[in-house]
Amino acid sequence: MTEETSSPHSSDRHRVNVQDDYELRYWGERFGVSPELLRHAVDAVGTSAKSVEEWLQAHR
């Protein structure tokens with residue numbers, strides 16, 4: 001699987017959607033965090049996957 005097709009919605013692979021249960025599970029598993037921590041990260045920095053990942057790395 002390529003990076004482009006490995007996320008749940010390849011057209012929006014750079015955005016973390018915590019409103020959709022499937023995507024919440026996907027991103028939580030990808031970053032290795034709980035849904036609650038993922039939601040907290042999105043609240044803090046927005047939906048950019050890169051920003052969320054950076055925030056999570058700084059707050060573990």
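1. **Arg-15 and its contacts.** Beyond its neighbours within four places in sequence, Arg-15 is in contact with Glu-23, Trp-27, Thr-47, Ser-48 and Ala-49. Arg-15 sits in the loop between α1 (3–6) and α2. Its relative accessible area is 40%, so Arg-15 counts as partly exposed. Arg-15 and Val-42 lie 27 residues apart in sequence, and their C-alpha atoms are 9.8 Å apart in space. Note that this is a predicted model.

2. **Overall make-up.** The protein has four helices and zero strands. Along the sequence the pattern reads α-α-α-α. Of the 60 residues in the protein, 28% are buried. Take the contacts between residues at least 6 apart in sequence: 25% of them join residues at least 24 apart.

3. **Val-42.** This residue belongs to helix α3. What makes Val-42 count as buried? Its relative accessible area is 10%, and the cut-off for buried is under 20%. Setting aside residues up to four places away in sequence, Val-42 touches Val-16, Val-18, Thr-47 and Val-52. One of these partners, Val-18, is 24 residues from Val-42 along the chain, with the two C-alpha atoms separated by 7.9 Å. Thr-47 is a contact of Val-42 and also a contact of Arg-15.

4. **The two sides of α3.** Leu-38, Ala-41 and Val-42 are the buried residues of α3. Around the axis they cover an arc of only 100°, which puts them on the same side of α3. On the other side, Glu-36 and Asp-43 are exposed. The cover over the buried residues of α3 includes α2 and α4. After α3 comes Gly-46, with a positive phi near 95°.

5. **α2 against α3.** These helices pack at an angle of about 95°, and their axes are 9 Å apart. α2 and α3 are therefore roughly perpendicular to each other. On the α2 side, the contact uses Leu-24, Trp-27, Gly-28 and Phe-31. On the α3 side, Pro-35, Leu-38 and Arg-39 take part. By class, the contact has five nonpolar residues, one polar and one charged. Trp-27, part of this contact, is also among the residues that Arg-15 touches.

6. **Gly-28.** Gly-28 is found in helix α2. Apart from neighbours within four places in sequence, Gly-28 is in contact with Val-33 and Leu-38. Leu-38 is one of the buried residues of α3. Val-18 is ten residues from Gly-28 along the chain, and their C-alpha atoms are separated by 9.4 Å. Val-18 also touches Val-42.

7. **α3 against α4.** The axes of α3 and α4 come within 9 Å and cross at roughly 115°. α3 and α4 are therefore roughly perpendicular to each other. α3 passes α4 in a right-handed crossing. Which residues of α3 and α4 make the contact? From α3 they are Leu-37, Leu-38, His-40, Ala-41, Val-42, Ala-44 and Val-45. From α4 they are Ser-51, Val-52, Trp-55 and Leu-56. The residues of this contact divide into nine nonpolar, two polar and no charged.

Definitions and conventions: Residues are numbered from 1 along each chain as its sequence is written. This is a predicted model: local features need pLDDT of at least 70, side-chain atom pairs count only at pLDDT 80 or more; totals for chains, interfaces and linings use all residues. Side-chain values use heavy atoms; hydrogens and water are left out. Axes are lines fitted to C-alpha atoms, for helices over the stretch in contact, and angles run from 0 to 180 degrees between N-to-C directions. Angles under 35 degrees count as roughly parallel, over 145 as roughly antiparallel, 65 to 115 as roughly perpendicular and the rest as oblique. A crossing is left-handed if the near helix is turned anticlockwise from the far one by less than a right angle, and right-handed if clockwise. Contact means heavy atoms within 4.5 Å. Ala, Val, Leu, Ile, Met, Phe, Trp, Tyr, Cys and Pro count as nonpolar, Asp, Glu, Lys and Arg as charged, and the others, Gly among them, as polar. Buried means under 20% relative accessible area, exposed over 50%, partly exposed in between (1.4 Å probe, protein chains only). The arc is that of the directions from the helix axis to the C-beta atoms.
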